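Student: I would like to learn how to read surface patches and aromatic contacts. Can we work through a case together?

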Amino acid sequence: MVEEGNIEASNKAVEEDNGPKGLYYCFWGPIYWFRMLAMETHWSFVFAVVSTYGISQGLGGALARVGTEYYMKDVQKVQPSESQVYTGITSIPWIVKPIWGLLTDVIPIRGYRRRPYFILSGLLGLVSMLIISLHGKLHLVFALMALTAGSAGVAIADVTVDACVAQNSSKIPSLAADMQSLCSLMSAIGALIGFSISGVFVHLIGPKGVFGLLTIPAALVFSVGIVLFEPHDANFAYKEVSKKFLDAGKAIWRTLKCPEVWRPCLYMYLSFALSLNINEGLFYWYTDSKEGPLFSQETIGYIFSFGAVGALLGAILYQNILKDHPFRDLLFWIQLFYGLAGMLDLILVLRINLKFGIPDSVFVVIGEAVTQMIGRLKWMPLLVLSAKLCPSGIEGTFFALLMSIDNFGLLSSSWGGGLLLHTLNVTRTKFGSLWLAILIRNIFRLSPLGVLFLIPRGDPNSSILPTEMLGSEDETVAEESNNIELVSLVNSVDGR
């Protein structure tokens, strides 16, 4: 047995030595990595991750964002303050993510826990996008319903594929980091490609045509529900569903009453809600021919693509340099720089950049990349903190609840920004008060500094929950989940 083990280990070492290296690896390395994941898990799982994260959320999400911006402005012809509110409405399905998570975990359909929800998600996306793209002049109310249904489809697919990743991570712990890296990498690449081509497609086929293209990601998600390998459970006790829901609800409420939990939750909500979102006002100004720089559709897409690059750089910067800093200290500096970065928008709107000879297109790209990078740096420690707040036994559901709190903060931010634009009379053609809206937004971005005492100051690698809420192996699980969630994309891929 010892000799066989030594021979096996030596063969493995020889295989690693003979693996792709150098420039050869740059091309074949990702292919070997994908093939390894497909063999160890199942090809249908890799297809599900690529379709959901890469095509649906990444590429499709980028196309949907730019398409929705122009659809509200040019087709529905709403005011920027109204568009801000409507954007918040379409994000409501992401606030109720715990419900989708509980459904996929607790209620199987015809013996399957994942496949039916992928099919439902794909159908919602297909029908809603077809309605918007084919209808000549869809009423605003029905357009909002269709956009919200499409958003719900993406949210359901997101929760379902996350459940698949978590399930496979528990079965094959050694590949858990690779699976999370695959998800993040696909999302980042999809967003980069989507934003890069979004403006071109809006210019060529219009925003309604872009919604027609979004039926392709929905169809791929639908196909995932057909081909996904999943064991069949024919003996599920449906009578226990209500008891499971009740037990989960009691555990969540018991956790939320703990000061070590509700205080960071309150901070996370306030930090997002007080960072007022006035992006619609800025978008209308970007495309205005009189007071704005009149950016083309292609330029708008390129601007957002540089923002995606900034977000990716922020994630890499956090993972490699900032992840071991205390939460409170790190969030102080990030929130401070987040408020200061907003001054770039003020410089742009007041046209100060032109006085220094910096073109609008160059300056706005710099501002978008910096803002998105800092925004991602703000999000990452909150993600780690959220993972550490999850008690043993209901980790998935409680983590989804914390993400819903963050999404509710973003919804409040969007509606608050819409109210600010309406109060200052920033309309489709009037932008005289836009500079004031930006200044007020920047001041509000700094306000979460006053409630930083809600965040624990301790070491981010230590446990936060009280001892009575930790299982016997909770510290080990927490450490493993932290490594899974925040593995460096570059190190993980290059290390293979």
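Student: Which residues make the nonpolar surface patch?

Tutor: This is a predicted model. Its nonpolar patch is built from F332, W333, F337 and L340 and covers about 420 Å². W333 belongs to helix α15, residues 327-341.

Student: How many helices and strands does the protein chain have?

Tutor: The count is 22 helices and zero strands. Of the 496 residues, 49% are buried.

Student: How many aromatic pairs does a search of the whole structure find?

Tutor: It finds 11. Take F283 and Y284: their ring centres are 6.0 Å apart and their planes meet at 80°, so this pair is edge-to-face.

Student: Are F283 and Y284 buried or exposed?

Tutor: F283 is buried, because its relative accessibility is 2%. Y284 is buried too, at 1%. F332 and W333 also pair edge-to-face, with 5.2 Å between centres and 85° between planes. F332 counts as partly exposed, because its relative accessibility is 34%.

Student: Where does the charged end of R65 sit?

Tutor: R65 places its charged end over the ring of F304, 4.0 Å from the ring centre. For R445, the ring is that of Y338, and the distance to its centre is 4.1 Å.

How values were computed. Residues are numbered from 1 along each chain as its sequence is written. This is a predicted model: local features need pLDDT of at least 70, side-chain atom pairs count only at pLDDT 80 or more; totals for chains, interfaces and linings use all residues. Side-chain values use heavy atoms; hydrogens and water are left out. Patches are made of residues with over 30% relative accessible area and no salt bridge: like charges are joined within 9 Å, nonpolar side chains (Val, Leu, Ile, Met, Phe, Trp, Tyr) within 5 Å. Accessible areas come from the Shrake-Rupley method with a 1.4 Å probe; for residues, only the protein chains shown count as cover. A salt bridge is a side-chain nitrogen of Lys or Arg within 4 Å of a carboxyl oxygen of Asp or Glu. Helices (H or I, at least four residues) and strands (E, at least two) are DSSP runs, numbered from the N terminus. Buried means under 20% relative accessible area, exposed over 50%, partly exposed in between (1.4 Å probe, protein chains only). Rings of Phe, Tyr and Trp (its six-membered ring) pair if their centres lie within 6.5 Å; planes under 30 degrees apart count as stacked, over 60 as edge-to-face and the rest as tilted. A charge sits over a ring if NZ of Lys or CZ of Arg is within 6 Å of the ring centre and within 35 degrees of the ring normal.
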